[in-house]
Amino acid sequence: MLIRIVRMTFKPEELDNFLKLFDSKKEKIRAFPGCRHLELWQDHESKNVFSTYSHWDADEDLQNYRNSELFRDLWSKTKILFSEKAIAYSNEVVVKLD
């Protein structure tokens, strides 16, 4: 399993636009083949900073999503709302405690 975290900093005046956009696409992202989990986080102190947290069966599934029309459409509409460049990380679980 691959865990993807994307940290995005938005112009404060664009927060509502981003939240509406994400809300309109979240079910399609979650239903994308290979996506097993999706969350949207908001930074506790910097309210204009959000992160997506998603689980993917494999890197191939994430890459298929990133090359999809769904992603291209969403990303083109999202990145124009940024005040800073997004930061993305892909991780694999090494140790998990429940």
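Where does Asp43 lie? Asp43 is in the loop that links strand 2 (35–42) with strand 3 (49–56); strands are DSSP runs of E, at least two residues long, and helices are runs of H or I, at least four, both numbered from the N terminus.

The model is predicted, so local features need pLDDT of at least 70 and side-chain atom pairs pLDDT 80 or more, while totals for chains, interfaces and linings use all residues. Residues are numbered from 1 along each chain as its sequence is written, and side-chain values use heavy atoms, without hydrogens and water.

The sheet is open and antiparallel, with four strands in the order 2-3-1-4; two strands pair if DSSP finds at least two bridges between them. Strand 2 and strand 4 (87–91) each have a single partner strand, so one side of each has no neighbour in the sheet. From one strand to the next, the twist averages 15 degrees. Strand 1 (residues 2–9) is joined to strand 3 by eight bridges, and Arg4 stands opposite Ser54 in strand 3.

Helix 1 (residues 15–30) packs on this sheet and touches strand 1, strand 2 and strand 3. Helix 2 (residues 59–66) also packs on the sheet, where it touches strand 1, strand 3 and strand 4.

Beyond its neighbours within four places in sequence, Asp43 is in contact (heavy atoms within 4.5 Å) with Arg7 and Val49. Arg7 is 36 residues away along the chain, and the two C-alpha atoms are separated by 9.5 Å.

Notes
Axes fitted to C-alpha atoms, helices over the stretch in contact; angles between N-to-C directions.
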